[in-house]
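Student: I have a model to go through. Can we take it step by step, from the whole chain down to single residues?

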Amino acid sequence: MLFNDTIFQNILNGYHGANCGGLSEKDKETLVIEAAKKANAHDFIEQLPEGYDTRVGERADQLSGGEKQRIAIARAIVSNPKILLLDEATSALDSESEKTVQEAIDSAAKGRTTVEISHSLATVGGADRIIVMDDGRAVEEGSHDGLIRIDGLYARLVRAQRSLIRDGDVKEGQADVGDAPPRPSSLQPQSTSTKRELQPSIVAKGVTRRHGIFWGIKRLVSAYPRMALPMILGLTASIGIAATFPLTAFLYSKLITVFQLQGHPSFQEKGNFWALMFFVMACCEIFIYPTVFYLLSAAGVIAGRGYRPQALQALLKQDSEFFQVDGHSSGALMTLLFADADRVEILLESSTPISTYNAINVVACGVLALAIYWKLGLVCTFACLPLVVLNGMIRMRMDNRARDRCESFFLESARFVSEAIGSVRTVASLRLEKEVIRKYNSKLDAAVSRSTKGALAYFIVYALTDSLDLLRESC
């Protein structure tokens, strides 16, 4: 397992968990290059456009299997260990890569004790001591030639593999067993067309997340018809929430006029009546609020449960170029997958009812103001109200942009921690726990620093508006 970092840093990770703070940059470079040469990896690394600074990509997808194995071998020997443990180091490789990796293993094994576990007899033929295991027990032990002379289990395995080689059932790289000659390959190298250069900007072109709330609700209802009924009932009930605001203003105005009746026989009767109206309105709100949020929460759960599998299915159907675009690593995409599903639920559970009863409230209050005192109502409705609505729209747009900008900053840290958890065995074996935590903290610090710069302008404007309001009151 190689990390999505440079080749240099991946090899250096093997130096006692990257705990090499006492080494100079020159010493680190010397250690890495020497390890790469012993692992037969220095030549192909030098041919890369950025050399040792080349990033291997997520799960080392920018490298072939053999190149990945050789870098892993260089990582294993960079600290010059006395014992080297190899478990199926040449498995899942083609014949040419297996031969190259085996040469790297032979070079890395010089001067140290090497224990290699393998099912490929081609990789163990040159070992000083071969132990043959059968059903969990060591049944034979010795060198290759000695085990062949014994004519036991190892010799039978060699003959069986030779038979498979003659039948063409094993890969060419396993032909070098004992004195069996390698089978010539009938494949000849062919020239290929020029590789098409990837243009990430074209791949990502046309993708946008900027749509109105009603457009999003319309798409959700058409995609998940089951949510239509609770959605309609919830939005209808939200009209009752919107009615509480103008109704409260109306009741307050009526309650205030009661004080003009002091000393009148109907003073107490009128006061009790309008107080009772407040109590009735409060009882209605006790039932309306839970009903609205229950119905819309049910719609949000239905949409969220349907969105997650469909979004994952859409990701799995993307072309390979999609996953090579910056920011489209598996960790970042999974973070977006779950975050966007949560946003869908929040859209229906809270944003939709708030937007609905706020819109109804603005219209109802405007109509009420015009009905009660049309002169002042005209000033408030057509002079003050548009400015308030415009201010709210600008504020909401700024909040959305700030949130998206903040999330983009934290995508890299989410990708990094997802990769670290996914390869926790490699982290533990290389003693990289402290290094992973340090890098994660540094990525979080960088994200916080970048998001703070963007929020600073917002805070200044916010403080200025409050200060101007206080200045107006003092004047």
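What follows is a set of questions and answers on this predicted model.

Student: How many helices and strands does the protein chain have?
Tutor: The model is predicted, so the count describes a prediction. Runs of secondary structure are taken over the protein chain. They come to 16 helices and four strands.

Student: What percentage of the residues of the protein chain count as buried?
Tutor: A residue is buried when its relative accessible area is under 20%. The protein chain has 475 residues. The buried share is 33%.

Student: What share of the contacts with a separation of 6 or more comes from residues 24 or more positions apart?
Tutor: A contact needs heavy atoms within 4.5 Å. Take the contacts in the protein chain with a separation of 6 or more, then keep those between residues 24 or more positions apart. Their share is 67%.

Student: Are H10 and H11 roughly parallel or roughly antiparallel?
Tutor: Two packed helices are described by the angle between their axes and the distance between the axes. H10 covers residues 228–258 and H11 covers residues 267–316; their axes are 8 Å apart, at an angle of about 160°. Angles over 145 degrees count as roughly antiparallel. So H10 and H11 are roughly antiparallel.

Student: Is the crossing of H10 and H11 left-handed or right-handed, and how many residues of their contact are nonpolar?
Tutor: H10 passes H11 in a left-handed crossing. The contact of H10 with H11 also holds six polar and three charged residues. The nonpolar residues number 23.

Student: Which class does the aromatic pair of Tyr 252 and Phe 278 fall into?
Tutor: The count of aromatic pairs comes to three. In the pair of Tyr 252 and Phe 278, the centres are 5.2 Å apart and the planes stand at 65°. Planes over 60 degrees apart meet the cut-off, so the pair is edge-to-face.

Student: Which helices does the pair of Tyr 252 and Phe 278 tie together?
Tutor: The two residues are 26 residues apart in sequence. Tyr 252 itself is partly exposed, at 47% relative accessible area.

Student: Which class does the ring pair of Phe 273 and Trp 274 fall into?
Tutor: The ring centres of Phe 273 and Trp 274 are 4.9 Å apart. Their planes are at 75°. That angle is over 60 degrees, so the pair is edge-to-face.

Student: Is Trp 274 buried or exposed, and which residues share its ring cluster?
Tutor: Trp 274 has 16% relative accessibility, so Trp 274 counts as buried. Phe 273 is partly exposed, at 40%. Ring pairs link Trp 274 into a cluster with Phe 250 and Phe 273.

Student: Where is Gly 152, and which residues does it contact beyond its neighbours within four places in sequence?
Tutor: Gly 152 lies in the loop between helix H6 (144–150) and helix H7 (153–167). Gly 152 has a relative accessible area of 10%, so Gly 152 is buried. Its C-alpha is 10.0 Å from that of Val 132, 20 residues away along the chain. Beyond neighbours within four places in sequence, its contacts are Glu 140 and Leu 147.

Student: What is the phi of Asp 151?
Tutor: Asp 151 is also placed in the loop between H6 and H7. Asp 151 is partly exposed, with a relative accessible area of 44%. Asp 151 is not a glycine, yet its phi is positive, at about 60°.

Student: Which residues does Arg 112 contact, leaving aside its neighbours within four places in sequence?
Tutor: Arg 112 sits in the loop between helix H5 (95–108) and strand E2 (113–117). At 11% relative accessibility, Arg 112 counts as buried. Arg 112 and Leu 84 are 28 residues apart in sequence, with C-alpha atoms 7.1 Å apart. The contacts are Ile 77, Asn 80, Pro 81, Lys 82 and Leu 84.

Student: What is the phi of Asn 80?
Tutor: Asn 80 lies in the loop between helix H4 (65–77) and strand E1 (83–87). Its relative accessible area is 52%, so Asn 80 is exposed. Asn 80 is a residue other than glycine with a positive phi, near 55°.

Terms used. Residues are numbered from 1 along each chain as its sequence is written. This is a predicted model: local features need pLDDT of at least 70, side-chain atom pairs count only at pLDDT 80 or more; totals for chains, interfaces and linings use all residues. Side-chain values use heavy atoms; hydrogens and water are left out. Axes are lines fitted to C-alpha atoms, for helices over the stretch in contact, and angles run from 0 to 180 degrees between N-to-C directions. Angles under 35 degrees count as roughly parallel, over 145 as roughly antiparallel, 65 to 115 as roughly perpendicular and the rest as oblique. A crossing is left-handed if the near helix is turned anticlockwise from the far one by less than a right angle, and right-handed if clockwise. Ala, Val, Leu, Ile, Met, Phe, Trp, Tyr, Cys and Pro count as nonpolar, Asp, Glu, Lys and Arg as charged, and the others, Gly among them, as polar. Rings of Phe, Tyr and Trp (its six-membered ring) pair if their centres lie within 6.5 Å; planes under 30 degrees apart count as stacked, over 60 as edge-to-face and the rest as tilted. Buried means under 20% relative accessible area, exposed over 50%, partly exposed in between (1.4 Å probe, protein chains only).
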